Amino acid sequence: MTVALRPTSLSEALDALGANGAVAVAGCTDLMVVDHAPARAHATVVDLSRLPELRGVREDSGGLWIGAATTFAELRESKLVRERFPIVAEMAGTIGALQIQNRATVGGNIANASPAGDSLPVWMALDAEVEIAGRSGSRRVPYDEMHRAYRETALAPGELIVGLRLPAADEALEQRFRKVGTRAAQAISKVVVALAARVHGDELHGLRIAAGSVAPTPVRLRAAEALVEGQPLTPDLAAAAGLAAAREVTPIDDVRSTADYRRFVLARTVRRMLLACQGGEA
Amino acid sequence: MSFMQEEKRPGKKKIKTTRVVNGLDVEEEVWVDDLEAPLFKPREECRLLGTRMKRVDGPAKLTGAAEYTSDVRLEGMLYAKVLLCPFGRAKVKIDAAPALASKGCVHARQLVDETKYLGQPVAVVAAATPELAEDALRALVVEYEPLPWVLDRGQALAEGAPEVRSRGNLGRPTEDGDAGEVEAAFAQCAVVVEQEYSVPVQHHVCLETHGTVVDYRGGEDAIVYCSTQSTHGIVGDAAESLGLRKAQVRGIVQHMGGGFGSKFGLERAGTLACEISREQKRPVHLMWNREAEFLTSGNRTGAWQRVKAGANKDGRMLAMSSDVERYGGIGGGSHAGLPYLYSVEKSLRKHASVYMHLDTNCAMRAPGHPQASFAMESVVDELAAGLGMDAVEFRKRNLNSPAHLRQLDRVAELIGWNEHPNRTAPGSVDGFEAVGIGFGCSRWGVGGSPVCQVDVRVMNDGSVTAEVGSQDLGTGTRTYLAAIVAEELGRPLDGVQARLGDSRMGNANGSGGSTTTPSLAPAVQDAARQMRGVLSVAAAEHFGCAPEEVVLDPDGARAPGGKLTWLELCALLPPEGASVRGTWQSDLAVSGVACTQAARVRVDLLTGRVKVEKMVCLQECGRPLNRLALESQIRGAMTQALSYALLEERRVDPQLGIALSADLETYKIAGSLEIPEFVALVDDDDLREGVAGVGEPPVIPGAGAIANAVFNACGVRLRHLPLTPDKVLNAIEERKSS
Ligand SMILES: Cc1cc2nc3c(=O)[nH]c(=O)nc-3n(C[C@H](O)[C@H](O)[C@H](O)COP(=O)(O)OP(=O)(O)OC[C@H]3O[C@@H](n4cnc5c(N)ncnc54)[C@H](O)[C@@H]3O)c2cc1C
């Protein structure tokens, strides 16, 4: 038998999670799918949806603070998010379809740590910081260090993601997001890419490109970034960056697509997104 | 069917009717006067028929009030579930005792010792709730000993492969045609194409899965609710599984969430439910889940088709040879044969089945036709391109029916072909995007069968019912059942109660081959016409005029002697009202309907994604009864064809022997965002008086039209469905580098 707990504060939740076999649930859109497997049953599930500490989207010294229990529907609709980080809203609108967006949460997407999780490259490109709490205290982890191996995160047992901090975005911050799925909605990504950079003339500075579904974890495309950073961005350079990106990832063949296709499309998507930063083809 | 050769008596015709003997319905044949066929009213006089009528059960469906089989809940009902074998083939040993000991479980048993195909049900359990049934499934102790399997062509035909059937995994080929004549004809050709085309196994993806709810609690009678395409067709099997006589079993099919050919009998879920119900003397609910639906409920045959075809410089197809392999799992598969639809002077063909350890194919919306059509439309297009000839013009030179010729012109105009730049040569792979247009045609036999018996009854309070044991698969049968009667009696659509989906009602055929409408509608019209006669006689007696002088209209009855409102007219009937039974009228059914489609696609040359932007379909259907329902059928068919073209494909891992696409996450069908602009048109140049069903013909040519449009856009020919972005992209790269 499974016991469901509904704590009303973070500390209560952390205590509950200390018990043997306890697992946190938010929107349940991942957990219910996995738990359909016959051998999976939990002694205790701890519902995170009533923790005030995990909720809300707030202004945070020029940037944004996003609670871990925020749903993708809330992100999609939030005025603050749409104004400051349009790619966050755009990404939120591509998670599953509306029903999934109504339940699925940011924290669940990160903790579930699927290489195809669509929000993960976005947090990476925007240089987010993850706020984590455990019974022994809280800490902050740069998003780049969040995903360690296939479905393995920096979270220790019993720890919770409280929220995300996105550093301030100004007018010059270019943000791009592109998801390539089997069909237009309710499709897991074959390739997903997020990009952020500041445009100075024909150069991109502070360029961060991250991709999902092309390696065991979401990855920064550092070789591609290095080629383009601070250089005059020409179509040739964009193409070269695309190829560099394809070389630095390790996609697999699976039921959704092939490794070759993923590499190929990654190269083209990166090229296209770079050129789009200059108002080129989109 | 034997009705064609039956004994003839002048001025008489033989009809089947049911008589009640000792409380049971008994069927017999009787001779009746063969009156002139009860034609529909002239098209221009109709208030209802031929218009766009909303389905009468729409509100019930929209609000969830409509009860589908899976919605049936009965006192004391058990929920049954099955366990599927996860291997291509295996020996199975199950200890059911722990399941039987689990809470709420009353029935658990092994079904087979050795499986024949991937996903075959190996155990069934029944418990008080669905959750407890799941628990019972988990409690089964199952030992599988995997046996060698063959899950793809290579494995099936390999030396020493395990045999799917005793006569080998390659069926004996059927051949016809004269090789010498065909060779000689090829020698006359100005262009010859020799290529291979393949289509994957496609699933029906009925929104409602297969399933049955049996209401049997011991005793004499059982009611069987079933998601089936044949209300009358399930009674026999249910009776056998329940150990009852046919007359003791009543089949009910009120609403149905799609069948597409996969639901003609009681099916496995139904026999299991009956067996458990018989043993437990309790109602049993057994619906397949999506996995069982995908692994054990039949599917559309996959095929590999090697085709050689040639045309002379005038664009006449002179020769074709084809070698087709059908992949129907443990079944033989179906394929309509090549050449398909188009006339080719000399042809040679060979067909063979390759057997594998996968569930058998079964009928699916135009069984065997989309496969053949895809190869044929592709090869036709390749020949046209080889000659540098306009694809529409080339088709016209090889189609005989005038209907197709006029349809091609109209469809070409509606899709924008005449202004399209790539009419005689495809576009290029340079740039970011390319737009192309492609065509396809089909024809369907239809034709009605003479089994339907429709009862129309008017009560003396003015209420009207039309009833028959036929079923509404979601296609709109109920609506025209009411509409035909309402039209003839001058009533509003909601003035007639349509009742169907009950095997205690008049006979009806199963819904297959698009024959429901041409079988049923003529019998409805016959009954409606007879009822008009009955009411006219009543009015004539009242007015003291001849029955022919009475006119029924929305106000009631009119005659030279005066007027009666509908209620006044009906009040003239005896207390029990009046009832008539209509039978099939051959003059009111047509056979042979032509269909032509075009698709416009936009190909993303950087990712290989194909977006279908617009599809046009012009469909003959004889006399249109309900335009809205017809348009829905056409749209639905185009959707299914688009999905077949771009997305659908059953996948298995032949090495591991497991299914890779047995759910809707991994087996994608077109969603609302894939839907293009649809122009779904009833062909109003078809002036025949009879009616036809058009569930099937518009699903046939769509995939070919889409593949042809991709070629037309950017010059890459995709010969293997589905046209996934990786295949498209590879082809684009190949063309770039050549
Ligand atoms: C039909 C369907 C379509 C989908 N489509 C997409 C898609 O397009 N893109 C995509 O990226 N994903 C998709 N998903 C996956 C899923 O919806 C997302 O990953 C979602 O964000 C998970 O959030 P949740 O709140 O539902 O997580 P839950 O299922 O509640 O939890 C998932 C995991 O995260 C843990 N967890 C949850 N919150 C926290 C927290 N605050 N701190 C620590 N651990 C936590 C849980 O313990 C659990 O292990 C889809 C799922 C379904 C069923």
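Modeller: Leaving aside its neighbours within four places in sequence, Ala24(A) is in contact with Leu17(A), Val46(A), Leu48(A) and Leu160(A). The model is a predicted one. Ala24(A) belongs to strand β2 of chain A, which covers residues 22-25. Is this residue buried or exposed? Ala24(A) has 24 other C-beta atoms within 10 Å; a residue counts as buried when that number is 20 or more, and Ala24(A) is therefore buried. For chain A as a whole, 48% of the 282 residues count as buried. Gly108(A) lies 84 residues from Ala24(A) in sequence, yet the two C-alpha atoms are 9.2 Å apart in space.

Gly108(A) leads on to the ligand. Gly108(A) is among the closest residues to the ligand, together with Gly27(A), Gly96(A), Gly107(A) and Asn109(A), within a shell of 31 residues. Strand β2, which holds Ala24(A), is one of the elements of chain A that each supply at least two residues of this shell, the others being α2 (31-34), α6 (98-103), α7 (106-112) and β10 (160-166). Of the elements, α7(A) gives the most, with five residues. By residue type, the shell divides into 18 nonpolar, 10 polar and three charged. At least three residues of the shell come from each of domain 1 (3-47) and domain 2 (53-166) of chain A.

Chain A is divided into domain 1 (3-47), domain 2 (53-166) and domain 3 (174-277). The centres of the two domains, taken over C-alpha atoms, are separated by 19 Å.

Among contacts in chain A between residues at least 6 apart in sequence, 61% join residues at least 24 apart. The C-alpha trace of chain A spans about 60 × 45 × 30 Å along its principal axes. A compact globule of 282 residues would have a radius of gyration near 19 Å, and chain A agrees with this because its own value is 19 Å.

Chain A also touches chain B. The contact takes 17 residues from chain A and 17 residues from chain B. On the side of chain A, helix α11 (residues 259-277) gives the most, with five residues. The residues of that side divide into nine nonpolar, four polar and four charged. Helix α11(A) is mostly covered, with 15 of its 19 residues buried. At 1.5 Å a residue, the 19 residues of α11(A) should span 27 Å, and the helix agrees with this because its end C-alpha atoms are 27 Å apart. After α11(A) comes Gly279(A), whose phi is positive, near 75°.

Methods
Residues numbered from 1 in each chain as written. Chains lettered and ligands numbered in written order. Predicted model: local features only at pLDDT ≥ 70, side-chain atom pairs only at ≥ 80, totals over all residues. Rg over C-alpha atoms; globule rule 2.2 N^0.38 Å. Buried ≥ 20, exposed ≤ 12 C-beta atoms within 10 Å, placed from the backbone. Contact = placed C-beta atoms within 7 Å. Helix = DSSP H or I, 4+ residues; strand = E, 2+ residues; numbered from the N terminus. Near = placed C-beta within 6 Å. Nonpolar A, V, L, I, M, F, W, Y, C, P; charged D, E, K, R; others polar. Domains from an automatic or database assignment. Expected span 1.5 Å × (residues − 1).
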